[in-house]
Every structure is written in structure tokens, then in C-alpha cells.
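Please examine the sequence and the three-dimensional structure shown below before reading on.

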Amino acid sequence: MRTWDRTLTAAGVDDPALRDAYTRQRALVSAYRRHAYAAVRLLLPPVLVPHVIAATAFMHHTDSLLDASPAGPEGDDGYAAWEKEVRDGLATGESAHPVLRALLHTVSAHPVLRPHVEEFLAGAPLDRHFTGFADEADYQRYVDAYSLPAFMLIACLLLEPDADADDARGLCRAYIDGSQRLDFVNDLADDLRDGRLTLPARDLERHAVTRADLEHARDTPGTRALLHDHLGRARRDLLTSRRLPELAPPAHRSFVRAAIALEVRTADAAAAKGTGLLRGSARPSVRAALRILAREYRRRGR
């Protein structure tokens, strides 16, 4: 694995201010998801690494602002100011903000990213005004409007430019449907503490589970069945996406396979934890994650 400075040089990031902007995003992403960051550094060609990190950092920064900014007319609207800054940056190609400075350079190097940034911004209000899901259809609308555009920020950099668009979008959707559902179950304890219930109300009713059952981490037949149902659906969708690496260039396939495998391992860890998820999230063991990364490191280029 190349040093970070050599990785930036290999990617054509020579301007000192730009290098600093990308380095800041690297720190953000490495702190946010260590396993995913390790996979990026180990398994992707250096020419692509800073760009995937820039897109990921932009997505995470935007998501954090959506969570922090009020949706109503009162208060300091940090997200609205950010959205304007992003749109101004896309129009001019310039920004002093380190997240945007890196993103805009990545857009100039990979123009395929621009429409996905715009689609992501268009879907952001759905997350901002989130009050819960009434049923499965409500959740699926959220995936289409927000989760899938967020994932496409990274996926568009990984897939073959001439990959069949419908096939690629369908497999990407299967992956992000599984990944998003997994995140909602795995992060249930934290989300409930923040006042967000991310499982559909109809599903709670079907399993005779109340919000209080989840908030108080009650181990009941209903809570066990509810979590098992959602984790099973998440795992099935993730396994459906396993053909996605076929649509990527050979140099990117190990990373895509590792990303899917790490999510499946996380689903398995969550299933093993059961109602313990109502007290905290699950993660695959370090040993399991390292085995996946080592296996795909050996398979690079295939």
C-alpha cells in the first residue's frame, strides 16, 4: 500500500491546498468507518482512492447536517446554507470549504459524479423531514429517494462506464436496500435515543411490539421476531447484490466484493446479538474483517 502522499500524487492531486483538503477528508472517513476505509486503501488503485474518499466524506458531511438542522422555519438552518454552497460550487467549480474543494476536484476528474450529486441533493429533504415509516412502501420510497442516490455517489466511481444501466442500478439498489435496512436495525438503540424510530410502524404492529418495548430493550418473542425479520431481509438483499462486482473493472472488483462481504458479516453479527441490539450495535470481529480484506487483497485484479 502506498503512503498517503504518494496516493495523492498518483491520483493527480498536486496543488497543496487540494492535497490538504483531501487529507482532511481522509481523516473524517477513517474515523467514521474504519473497515471501509481500510478496504479503500488496500483494495482500490491509488488513482481512485482520494476520489472515493472525497465522495464518501461529502455524503457523510451532508447526512450529519441533515440530522443536525431543523426542518422548520425556526432556528439556524445549517443544511440550507450547505445546499446553497454545494450548488454554487457545482456552478462555479470553486469552494473554500475543504469538503467541497475535494469533491469539486473529484467531479472535474470524474464528471459522471455530477448528476449523482444533484440527485442526492434532490432527495435530501426526505431525510430531513423524516418522522418515521408507516409501512414497508414508505421505507422503499426512502431508499429510492435518498439511500440509493447516496450510494450512487460512490458506486458511479467503481462501475464500468458502459455497464448496463438498468442492471447496475438494480444491483446497486439491492445492495443499498440491504445495507440501509441493516443500518436501521443495527443502529436502533442510538436512533431511539435521538428520538428516531426507523422501523416501519406496521411491522411493529404485526409483531405486537411497542416503541416502549424497543426503548426499554425488552427481550420478548415479538422483539426477537421483528429484528430477525428485518435482518433476514437485509441479508437476502445483500446476497442478491453479489453479482455487482461483475459490472466493475477488474481493478475495482476486490473492493466491491469486500464491501458486500463486510456487510453480510455485519448482518450475521447483528443476528447473533439478537435483542442485544436494543442496547448497542454489532460489528464483525476484527479477525473476520481482516480475513475478508486479506482474501480480497490476494484476489486484486480478478
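The model is predicted.

Helix α2 covers residues 16-32, that is, 17 residues. From its first C-alpha to its last it reaches 25 Å, close to the 24 Å expected at 1.5 Å a residue. At the start of α2, the backbone nitrogen of Ala 17 has a side-chain oxygen of Asp 15 within 3.1 Å.

Which residues of α2 are buried? They are Leu 18, Arg 19, Ala 21, Tyr 22, Gln 25, Val 29 and Ser 30. Seen down the axis of α2, these buried residues fall within an arc of 165 degrees, so they line one face of the helix. An α-helix has 3.6 residues a turn, so residues three or four places apart point the same way. The buried residues of α2 pack against α1 (4-10), α3 (34-43), α4 (49-68) and α6 (98-109). On the face turned away from the buried side lie the exposed residues Pro 16 and Ala 31.

The largest nonpolar core has 96 residues, of which Phe 58, Val 117 and Leu 214 touch the most other members. Helix α8 (residues 136-158) gives the most to this core, with 14 residues. Beyond four places away in sequence, Leu 214 touches several residues, including Leu 188, Val 209, Thr 223 and Leu 278.

Val 143 is placed in helix α8. Val 143 counts as buried because its relative accessibility is 0%, and buried means under 20%. Leaving aside neighbours within four places in sequence, Val 143 is in contact with Leu 148, Pro 149, Arg 173, Ile 176 and Asp 177. Val 143 and Arg 173 are 30 residues apart in sequence, and their C-alpha atoms are 8.1 Å apart in space.

Conventions
Residues are numbered from 1 along each chain as its sequence is written. This is a predicted model: local features need pLDDT of at least 70, side-chain atom pairs count only at pLDDT 80 or more; totals for chains, interfaces and linings use all residues. Side-chain values use heavy atoms; hydrogens and water are left out. A nonpolar core is a set of buried Ala, Val, Leu, Ile, Met, Phe, Trp, Tyr and Cys residues joined through side-chain atoms within 4.5 Å. Buried means under 20% relative accessible area, exposed over 50%, partly exposed in between (1.4 Å probe, protein chains only). Helices (H or I, at least four residues) and strands (E, at least two) are DSSP runs, numbered from the N terminus. Contact means heavy atoms within 4.5 Å. The expected span of a helix is 1.5 Å times one less than its number of residues. The arc is that of the directions from the helix axis to the C-beta atoms. A polar contact is a pair of N or O atoms within 3.5 Å; within protein, one must be able to donate a hydrogen and the other to accept it, and residues adjacent in sequence count only if both atoms are side-chain atoms.
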